[in-house]
Amino acid sequence: MSAEATNPAVSPAPAPPPAHRRKGRPRIDLRRLGRAALLGPATRDRLPDAISHVAEAHRAHHPDADPEALRRAYVLAESSHRGQMRKSGEPYITHPLAVTLILAELGAETTTLTASLLHDTVEDTDVTLDQVREEFGEEVRYLVDGVTKLEKVDYGAAAEPETFRKMLVATGNDVRVMSIKLADRLHNMRTLGVMRPEKQERIAKVTKDVLIPLAERLGVQALKTELEDLVFAILHPEEYAHTRELIAENEARESDPLAEISDEVRGVLREAGIQAEVLIRPRHFVSLHRVSRKRGQLRGSDFGRLLVLVNEDADCYAVLGELHTCLTPVVSEFKDFIAVPKFNLYQSLHTAVARSDGQVAEVLIRTHQMHKVAEAGVIALGNPYAAPAEEQADGEGERIDPTRPGWLSRLLDWQEAAPDADMFWSTLREDLAQDREITVFRPDGGTLGLPEGSSCVDAAYAQYGEDAHACIGARVNGRLARLSTVLKDGDTVQLLMGQDPASEPSREWLDHAHTPGARIAIQRWLATHPSPVADEEHAERDGARKDGTPPLRPAMDEPAATSDTVGAVVVVDRPEATVRLAGCCTPVPPDEVTGFAVRGGVVTVHRVECVTVTRMKGLGRPEIEVRWGDTTEFRVTLVAESFQRPHLLADLTEAIALEGVAVVSATVEPPTQQRVRHTYTLQLPDAAHLPALMRAMRNVPGVYDVGRAQHQAAAAH
């Protein structure tokens, strides 16, 4: 942390050209602050010159804030660090001052700024955590402790990963810990220039793999984008230099398409009577580099985006309507992150408008509050741990924490199971590389937040933890699905759990586990239950793959070659035609049916919703009208999927008998992973009785699905 800071005058990634600099408070001269820090004792009736800049930035966001805590924290930090120098020769106090100023500019509240001023005192001076608590309270002590490094003398090579583990656990209780760490790393990256190249590269890689993804997930875009540029300059100096040249060349052009389009947008909104602020937001280096790689030759409008700021949510959509009406919209570029915010709190409307000369300007539309959150993320929430408003509490009076998103909860869960620092460090980087999240719904209305690409295996472990070892299948959007099924945003997932506590996961589940929590749980179980030979013998004996695929009946839309239904009479207006009930959909009265002529003068009868009907129509095959004739008894084959338990066969047989149905034959397949398949051929008194029979069978404890039998084969019509 502190040892990585050097001279701010030799930053490896200079700011973009002046014309692209955002309007705002000028950058503070840290050398002057360093000198001011040494000028005499501070008095209680005025702020020291060095901290007055922080207080000014703080009051811009919090006009009623009391600066007294900042004054006292500065006095303690300055006196504790007095005599310590940075590698640049500057007084060390310039570092905590700069970190605190970064947070003040983003709108952090007083407690965060107080802890930021003190964040290196416990690590680098004689100040203790007990002293911090006595002087500033438990919250400040907790934040300072959260960002304090673990000593290499105690942890050796594991010091860095274990420090991050400690910091993330602390962040789970108070997200302000990570806010301070991100600002600390930003200042150190700004001032990394006099470090040895190999150390610069090592710090830049950790920043890229860990800190930048955390900044993105916490929504702190202002810190994330600058960190990206600083890392880009160190790890990819040639590409960085080329991007700088592109920016310089664009600045030298006589015309600025973005400025022209922004004037046009202002005119459109002014005529519509919409009060809005239209700004040009230059792309940062990494963003422009990505656009350059994607589009090749850059246009003038590619060097930035337009930002439209309004007062109310409704105004955002009013702006969108005017732009799409009066200008030429690029519809494929439209995204609504207001109705569906990103998982990191980000809200905005994204669109693009085109000119006749081919220039396309991307436009971001948001309220001033949305913009504040887009820039500062969780920092913009102020103190999220203050006493909640009444409407923010649940029925039991507990606080709803807006800073504990699903990804952080998952991370905190799996890190507890990571057996050593190396596994934690490698798994953390993998986890943070998954930068998109989906939401899936449980049947009870609850939700699960999962990384994009997650499967039913991941959902099982996210919902049940290590109890997911007993998972034997899943329903996705109401249909039975393999545990390997990759979930999509908005899916509804029901996990089917076995009743045997000795149920075990399959070794092949690892191939389908996308989340660290699932992988670690499966690996831990396999490490304590090594039986690969038994797995192979089991698979050979039952003819089944242990890939998380339950031995389900074929889906209702899969073709088959035979029918298990007899006794039903079908009438077809075609003399001497032979009628055959299709096995792909096993039609029975009173299903709505249709027919097709096939080889040998046979008419096959299908349910109208059968996938084969769609295929036959697509081939131009004419339909033949068919209908059910007078029929009383008929025979049908049903398959019951169930969990293994004693007396299940007897209970199912009794349920069937109570419905007045005769069992012609029954077979039970050997159990697989606590799942059992029962196949019954039944004689029903009438067709209308079939739904009630299937309901009765489903109501037997342990049965999770009953369906008509299908036989998977290639249909040759």
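The notes go from the sheet to the salt bridges.

I am working on a predicted model, where local features need pLDDT of at least 70, side-chain atom pairs count only at pLDDT 80 or more, and totals for chains, interfaces and linings use all residues. Residues are numbered from 1 along each chain as its sequence is written, and side-chain values use heavy atoms, with hydrogens and water left out.

Entry: sheet. I found three strands in an open, antiparallel sheet, ordered β10-β9-β11. Strands are DSSP runs of E, at least two residues, and helices are runs of H or I, at least four, numbered from the N terminus. Two strands pair if DSSP finds at least two bridges between them. Strand β9 (residues 471–476) is joined to β11 by five bridges. In this pairing I saw Cys471 opposite Met497 of β11.

Entry: salt bridges. I counted a side-chain nitrogen of Lys or Arg within 4 Å of a carboxyl oxygen of Asp or Glu. The whole structure has 39 salt bridges.

Which residue does Glu162 form a salt bridge with? The partner is Arg165, with the closest N and O atoms 3.0 Å apart. Both residues lie in helix α10 (residues 159–173), three residues apart. Glu162 and Arg165 are both buried (under 20% relative accessible area; exposed is over 50%, partly exposed in between; 1.4 Å probe, protein chains only).

I then looked up Arg475 and Asp705, whose side chains meet in a salt bridge at 3.2 Å, N to O. Arg475 is in strand β9 and Asp705 in strand β21 (residues 703–708), 230 residues apart. Arg475 is buried at 15% relative accessible area, and Asp705 is buried at 5%.
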